[in-house]
Every structure is written in C-alpha cells, then in structure tokens.
Amino acid sequence: MLDEKISELLAQKFHCSQIMMRVGMDAMELEEPNLVKAMSGLAGGLGGCGRNCGALTGGACMLSLFAGRGAPEEETDPDLAAMVSEYLAWFEGTYGSADCGDIIQGDKANIPLTCPKLIRACAGKALEILERYGFSAGCSEL
C-alpha cells in the first residue's frame with residue numbers, strides 16, 4: 001500500500017520532501033495542503049540547489065510531525081533527537097552522502113532512476129522508526 005501511495009504521488013509530480021510529509025500526514029489521517037506546500041522549499045536539495053536530499057530533510061520533518069512541538073502547551077517528545085539522528089545515520093550509511101547532488105551523481109537525468117526507490121526506502125525507514133518509538137497510529141496500515 002505504501003508503494004502504491006508513493007507511486008501515485010510521484011505520478012502527480014510531488015517532490016521527495018512533499019511525499020515524505022504526505023506519508024506522515026496519511027498515517028495521522030491529517031489533511032493540510034499548506035504543510036505540503038511548505039515542503040517544496042526542501043525539494044531538489046534545499047530549493048533545487050543540490051544540497052541536503054529532500055527525502056532526508058522531509059523524513060526529519062515527518063518524524064517531527066509526530067514527535068515535535070506545534071503549540072505552546074505541547075512539549076517536544078524527548079526521543080525526537082534520537083529518532084532524527086538514527087534516520088540520518090541510516091541515510092548516510094545507505095546512500096553515502098546527505099546531498100541530493102551527490103546521490104544523483106550531479107546529473108538530473110538520474111532522478112527518475114534513483115529517487116523513486118530512495119523515497120520508498122526512506123518512507124519505510126521513517127515509519128519503522130516511528131513504530132519503534134511508539135508512534136504507531138496509522139503507520140502499520142501504510
């Protein structure tokens with residue numbers, strides 16, 4: 001089901017960072033188009049400059065959607081930093097770099113060959129981390 005959702009979002013031309021957030025929002029049964037819109041700034045390696053991969057930064061934002069603070073009366077979950085650190089370590093260990101440009105070897109023609117598989121792996125890893133830290137609402141249904 002997760003693969004189908006990601007394929008659908010890719011076909012709709014959403015960027016990796018937006019897809020990561022949509023996966024998290026779907027797990028929470030949350031609909032917030034402006035949040036997805038805001039994730040555009042992370043696409044293509046921080047606004048298209050080839051820096052930090054949008055699936056990486058989008059995944060960190062996805063984890064924060066569950067464990068971060070959004071209102072004055074809320075507290076950030078004490079495990080958020082560990083969750084993001086684990087995600088980053090996995091990402092860099094898997095892809096060798098945090099930068100979009102490095103991952104696609106400086107050639108945008110590699111995006112269709114590289115990014116869909118990368119997004120699927122990142123979404124799966126982020127959901128796995130969320131479940132392990134007790135944020136299982138909706139995650140296993142994706």
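Predicted model: local features only at pLDDT ≥ 70, side-chain atom pairs only at ≥ 80, totals over all residues.
**View 1. Arg-132 and Glu-86 meet in a salt bridge.** The side chains of these two residues come together with a nitrogen-to-oxygen distance of 2.2 Å. The pair links distant parts of the chain, since Arg-132 lies in helix 7 and Glu-86 in helix 5 (residues 80–95), 46 residues apart. Glu-86 is partly exposed, at a relative accessible area of 23%, and salt bridges with shared partners join Glu-86, Lys-125, Glu-128 and Arg-132 into one network.

View 2. Asp-3 is partly exposed at 45% relative accessibility, and Arg-120 is partly exposed at 24%.

**View 3. Lys-5 and Glu-8 pair within helix 1.** The closest N and O atoms of this salt bridge are 3.9 Å apart, and the two residues are separated by 3 positions, about one turn of the helix. Lys-5 is buried because its relative accessible area of 18% falls under the 20% cut-off, whereas Glu-8, at 39%, counts as partly exposed.

**View 4. Lys-13 and Gln-105 have a positive phi.** Most residues other than glycine have a negative phi. Lys-13, with a phi of about 70°, sits in the loop between helix 1 and helix 2 and is exposed at 71% relative accessibility. Gln-105, with a phi of about 55°, lies in the loop between helix 6 and helix 7 and is exposed at 67%.

Definitions and conventions: Residues numbered from 1 in each chain as written. Heavy atoms only, no water. Helix = DSSP H or I, 4+ residues; strand = E, 2+ residues; numbered from the N terminus. Buried < 20%, exposed > 50% of the residue type's maximum accessible area, 1.4 Å probe, protein only. Salt bridge = Lys/Arg side-chain N within 4 Å of Asp/Glu carboxyl O.
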